Amino acid sequence: MKRTTYIMIGMYLGGLFLIIVGCISLKTSVLKERQVITLNMSEEITKTDLNGINTVKIQTSDPSRYHYQGSSIDVIQAEGGSGSISYPVSPYIKTDKQGSTLVLKIDYESFLKENEKDGYDMMMQQAYILVEASGQLVHIENETLNTMKLEGLTADSLSLASQSKLEVNNCNINSAYLLGSYIDFVAVNTTIQNMHADLDGIK
């Protein structure tokens, strides 16, 4: 009887030990996943012309792991010409023209690998992107979790896709198409004659 009791106590203590070790390992794993590394962007700005471009896409991999502080994507009216996109000089920001589409890719993965921080979340400081839109620009797509703001823009037809907050201020748009699986949409002092939107995707 005593021997059986000792065995049961031993099994109980062994199981308890495994549970404790498992909890510690899980806590360590979660903490590691939540660790954040910061990338401060340069104050030096470069500009790419949007001649022949009607679509601008701003992309990054796995947007949920990347956060922004002191950053925004602003869209304003071009004063003339074909417009442009301005962004910080960085080896981790690249642009690629694909026909009439310009893709701006924020390559966090390379930065994390170079700094041996795979698995970390990332905070991007001062990632200011400015799009000066002409009449030929008809689609702007923001795949990051950075806020996109339209200010003082006049357009006949404009399609906007965003995974984050979208602010439209002092704009006059004939037809606007709002796309995206999750949008915080705010319009102030803005006239939109015709708005087409997936209401399930707008908060």
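Visitor: What is the order of the strands in the open sheet that includes S2?
Guide: The order is S2-S6-S10-S5-S12-S14-S16, an open sheet of 7 strands with mixed pairing. Strands here are DSSP runs of E with at least two residues, helices are runs of H or I with at least four, and both are numbered from the N terminus. Two strands pair if DSSP finds at least two bridges between them.

Visitor: Which strands stand at the edges there?
Guide: Strand S2 (45–49) and strand S16 (184–188) do; each has a single partner strand, so one side of each is left without a neighbour in the sheet. From one strand to the next, the twist averages 15 degrees. The axes behind such angles are lines fitted to C-alpha atoms, for helices over the stretch in contact, and angles run from 0 to 180 degrees between N-to-C directions.

Visitor: How many bridges join S5 to S12?
Guide: Strand S5 (residues 72–77) and strand S12 (residues 148–151) run parallel and are joined by 4 bridges. Within this pair, Ile 73 stands opposite Met 148 in S12.

Visitor: And what is the order in the open sheet that includes S7?
Guide: That order is S7-S8-S3-S11-S13-S15-S17, again 7 strands with mixed pairing. Its edges are strand S7 (93–98) and strand S17 (191–197), each with a single partner strand, so one side of each has no neighbour in the sheet. Inside the sheet, 4 bridges join the parallel strands S11 (residues 139–142) and S13 (residues 154–162), and Ile 140 has Leu 160 in S13 as its bridge partner.

Visitor: How many helices and strands does the chain have?
Guide: The protein chain has 2 helices and 17 strands.

Visitor: A new topic: how confident is the predictor in this chain?
Guide: This is a predicted model, in which local features need pLDDT of at least 70, side-chain atom pairs count only at pLDDT 80 or more, and totals for chains, interfaces and linings use all residues. Residues are numbered from 1 along each chain as its sequence is written, and side-chain values use heavy atoms, with hydrogens and water left out. The average pLDDT (the predictor's confidence in each residue, from 0 to 100) is 79 for the protein chain, and 71% of the residues score at least 70.

Visitor: Which element has the lowest mean pLDDT?
Guide: Helix H1 (residues 2–34) has the lowest, at 51, whereas strand S6 (residues 84–88) has the highest, at 94. Over residues 25–32 the pLDDT is below 50, and beyond near neighbours in sequence this stretch has 1 contact in the model. A contact means heavy atoms within 4.5 Å.

Visitor: How many salt bridges are there?
Guide: The count is 2, where a salt bridge is a side-chain nitrogen of Lys or Arg within 4 Å of a carboxyl oxygen of Asp or Glu. Lys 47 pairs with Glu 132 (3.7 Å, N to O), linking strand S2 to strand S10 (residues 128–133) across 85 residues. Lys 165 pairs with Glu 167, their closest N and O atoms being 3.3 Å apart.

Visitor: Is Lys 47 buried or exposed?
Guide: Lys 47 is exposed, at a relative accessible area of 55%, while Glu 132 is buried at 17%. Buried means under 20% relative accessible area, exposed over 50%, and partly exposed in between (1.4 Å probe, protein chains only). In the other pair, Lys 165 is partly exposed at 30% and Glu 167 is buried at 17%.
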